[in-house]
Number of protein chains: 2
Amino acid sequence: MRSVDVGRTTRQRVAMPNPSSIGEFDLIARLRAAAGAFRQDVLIGIGDDGAVLRVPRGRELVVVMDTLVAGVHFPRGTAAADIGWKALAVNLSDLAAMGAEPAWATLALTLPRPDARWVKDFARGFAALAKRHHVALVGGDTTRGPLTITVQAHGFVPPRQALRRDGARAGDAIFVSGTLGDAAAGLAIVQRRLRTDATTTKRLRARLDRPVPRVLLGLALRELASAAIDVSDGIAADLGHVLDASGVGAALDLDALPASSALCALVPDVRARRALQLGGDDYELCFTVPRNKVARVAAIARALRTPLTRIGTIERAPGLRDANGRALARSGYAHFSRKSQA
Amino acid sequence: MRSVDVGRTTRQRVAMPNPSSIGEFDLIARLRAAAGAFRQDVLIGIGDDGAVLRVPRGRELVVVMDTLVAGVHFPRGTAAADIGWKALAVNLSDLAAMGAEPAWATLALTLPRPDARWVKDFARGFAALAKRHHVALVGGDTTRGPLTITVQAHGFVPPRQALRRDGARAGDAIFVSGTLGDAAAGLAIVQRRLRTDATTTKRLRARLDRPVPRVLLGLALRELASAAIDVSDGIAADLGHVLDASGVGAALDLDALPASSALCALVPDVRARRALQLGGDDYELCFTVPRNKVARVAAIARALRTPLTRIGTIERAPGLRDANGRALARSGYAHFSRKSQA
């Protein structure tokens with residue numbers, strides 16, 4: 001990791017002098033101060049060629065990686081603190097979908113120019129979520145270029161307890177956590193396709209900008225779920241990945257898709273609301289549960305104070321259908337979903 | 001990891017139809033076919049939300065991450081296969097500088113458009129180096145945006161044997177592997193600041209485009225070196241990081257910096273050649289060795305058939321000096337080095 005890369009910083013400065021620019025060293029120092037290593041299992045953190053880490057005995061290592069590109073994965077103009085939060089959140093969501101306990105993260109930050117204010121805000125958002133889950137930032141790389149953020153997160157699972165995509169079996173119940181569609185509505189508001197009052201705007205944009213990864217739910221599902229995935233691309237597309245990996249099909253009850261009261265009030269038309277609910281970026285967990293364990297789901301929902309809604313059933317015949325048996329094209333909803341977040 | 005992310009692929013296709021475009025699924029399939037998991041310690045590889053990996057008992061985990069941006073870290077127009085090689089090579093070089101044995105890699109690939117030919121060539125270059133070091137590609141993320149490649153590599157070290165930057169002590173000898181300056185000369189040729197015959201051009205460009213990480217040397221140095229770093233930004237800048245981390249200074253013998261015969265023939269002027277030797281991108285290892293172990297360096301050089309040249313001595317007084325005691329500004333060579341590789 002080029003954590004204190006004077007050479008490149010020099011080139012940056014030569015290439016684009018900027019009164020608010022800071023060197024890469026300061027940039028990393030800011031990130032380290034905000035979210036640097038504080039865990040005993042971090043033997044060497046930020047500042048060397050690499051991090052040296054200790055995986056607990058008897059645990060398997062889970063590694064996830066997600067990239068956010070400005071204008072594709074978040075609207076241009078999104079606050080730096082929100083981008084910092086979201087860059088980590090989408091990765092913790094992947095760890096949750098694997099049933100992993102989060103531990104460490106690394107960050108590759110590509111910035112058009114070194115900008116002290118932007119980095120400070122980015123680090124604040126990143127650190128706020130990192131602290132909530134005891135995640136240590138152990139290294140990274142900062143480079144000059146178009147705004148792109150890649151985060152890799154590491155977590156642990158007990159042997160053979162990772163949640164997978166390929167374990168769904170005919171007869172399993174399909175559940176989803178929380179509600180669907182708020183993030184898509186938030187994006188529609190940003191893009192001026194929807195309008196509402198300030199309070200609702202704030203609430204829905206928060207779902208887009210500051211998704212809350214379902215980390216504790218992921219841990220609770222280890223011994224319950226036969227398959228799991230997080231909802232980033234829309235429930236139809238993501239459930240489709242589970243079906244493909246498991247070699248099964250499903251009936252999805254579109255009327256059962258959970259919606260927030262804010263979304264119901266804003267978009268009373270069922271068809272329009274459903275389009276948003278299939279839109280993605282919710283970072284809820286979609287999971288399947290064998291019939292004989294379904295009764296235990298309610299207890300988890302109560303314990304975590306998280307709505308867990310049954311939305312369908314796994315079936316033997318391949319393909320995704322609605323409750324009336326009509327085929328649902330996973331990409332059939334692409335025209336509803338955003339093309340980009342520019 | 002959005003390895004089979006139909007949603008985003010759909011959005012890519014909607015946004016920019018392209019006859020040679022391929023979906024993200026095919027793109028990942030190509031990478032998996034070329035360099036996918038074949039190691040027994042990969043329990044779940046590409047295709048789920050994350051990879052599940054087993055770190056050998058009694059080993060510490062070393063994690064490195066480096067980003068390449070087109071026009072900054074490689075010249076625009078660089079062959080896709082060379083970019084694939086280099087993206088992994090710079091990370092294996094960081095692992096070597098930590099004394100770590102390489103194991104796994106993940107890849108975040110941001111492409112302006114899905115391009116089957118480009119990805120095939122990229123995967124070929126990546127896989128060629130991965131196979132050489134038994135590195136398995138265990139996951140990744142592909143997104144649309146300006147060409148940027150982030151690779152994270154994982155390796156193992158025995159407890160407390162990782163090579164660090166902060167262990168150099170006054171009296172230690174400073175060594176560098178191989179030769180310095182070929183990559184900078186290769187870049188000068190690409191940028192038409194230097195001209196030579198086809199054979200020399202090919203040889204020097206290979207040093208720029210296909211750096212060979214010093215993996216075996218890194219392993220051999222575990223019990224010998226007091227500090228190590230890889231030379232990516234130029235020997236003065238990188239040695240400077242070791243000095244800072246260790247709280248020491250150094251005398252660097254500029255006349256001792258090793259140069260290839262090709263470079264000596266192409267740039268007979270000593271001053272001009274030295275500028276190239278300080279230019280960076282060589283991915284050699286720079287390391288320090290306590291006085292009582294210096295005699296063992298020659299045996300390693302013979303065993304690995306790798307030149308290891310003594311280029312200076314660590315001193316108590318902070319700062320970097322030449323053999324005559326004149327201060328060497330680490331950034332004083334920035335005007336020689338490339339500003340970008342556009």
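Reader: Let me start with one residue: is A:E284 buried or exposed?

Author: Keep in mind that this is a predicted model. Buried here means under 20% relative accessible area. A:E284 is buried, with a relative accessible area of 3%.

Reader: Which residue does the side chain of A:E284 meet in a salt bridge?

Author: The general idea comes first. Side chains of opposite charge can pair when their charged atoms come close. In this structure, the side chain of A:E284 meets that of A:R207, at 3.1 Å from N to O. The two come from distant parts of the chain: A:E284 is in the loop between α10 (270-277) and β10 (285-289) of chain A, while A:R207 is in helix α6 (residues 198-209) of chain A, 77 residues apart.

Reader: And A:R207, does that one count as buried or exposed?

Author: A:R207 counts as buried, at 19% relative accessibility.

Reader: Which residues are linked with this pair in a network of salt bridges?

Author: A:D182 and A:R214 join A:R207 and A:E284 in that network.

Reader: How many salt bridges turn up over all chains?

Author: A search of the whole structure finds 32. One of them is the pair A:R165 and B:D48, whose closest N and O atoms are 3.8 Å apart.

Reader: Why does that pair join two chains?

Author: Look at where each partner sits. A:R165 lies in the loop between β6 and β7 (173-177) of chain A and B:D48 in the loop between β1 (42-44) and β2 (51-53) of chain B, so the pair joins two chains. A:R165 is buried at 2% relative accessible area, and B:D48 is buried too, at 6%.

Reader: What about B:R113 and B:D115, how far apart are they from N to O?

Author: Their side chains meet in a salt bridge at 3.5 Å. B:R113 counts as partly exposed, at 38% relative accessibility, whereas B:D115 is buried, with a relative accessible area of 15%.

Reader: Let's step back to chain A. Which domains does the assignment give?

Author: Chain A has domain 1 (19-157) and domain 2 (173-322) in the domain assignment. Their C-alpha centres lie 26 Å apart.

Reader: How do I read the place where domain 1 and domain 2 of chain A are in contact?

Author: For chain A, 24 residues of domain 1 are in contact with 20 residues of domain 2. The two domains bury about 1,700 Å² between them, with 59% of that on carbon and sulfur atoms. The count of salt bridges between these domains is 2. A:D82 forms a salt bridge with A:R210, and the closest N and O atoms are 2.7 Å apart.

Reader: Which element gives the most to the side of domain 1 of chain A that touches domain 2?

Author: That's α3(A), with 11 residues. This side of domain 1 divides into 13 nonpolar, 6 polar and 5 charged residues.

Reader: Now a helix in chain B. Which residues of α10 (residues 270-277) are buried?

Author: In α10 of chain B, B:R273, B:R274, B:A275, B:L276 and B:Q277 are buried. Their cover includes α5 (182-190), α8 (235-246) and α9 (261-266) of chain B. At the start of α10(B), a side-chain oxygen of B:D269 comes within 3.4 Å of the backbone nitrogen of B:R271.

Note on methods:
Residues are numbered from 1 along each chain as its sequence is written. Chains are lettered from A and ligands numbered from 1 in the order in which they are written. This is a predicted model: local features need pLDDT of at least 70, side-chain atom pairs count only at pLDDT 80 or more; totals for chains, interfaces and linings use all residues. Side-chain values use heavy atoms; hydrogens and water are left out. Domain bounds come from an automatic or database domain assignment. Contact means heavy atoms within 4.5 Å. Buried area is the accessible area (1.4 Å probe) that two parts lose on being put together, summed over both. A salt bridge is a side-chain nitrogen of Lys or Arg within 4 Å of a carboxyl oxygen of Asp or Glu. Helices (H or I, at least four residues) and strands (E, at least two) are DSSP runs, numbered from the N terminus. Ala, Val, Leu, Ile, Met, Phe, Trp, Tyr, Cys and Pro count as nonpolar, Asp, Glu, Lys and Arg as charged, and the others, Gly among them, as polar. Buried means under 20% relative accessible area, exposed over 50%, partly exposed in between (1.4 Å probe, protein chains only). A polar contact is a pair of N or O atoms within 3.5 Å; within protein, one must be able to donate a hydrogen and the other to accept it, and residues adjacent in sequence count only if both atoms are side-chain atoms.
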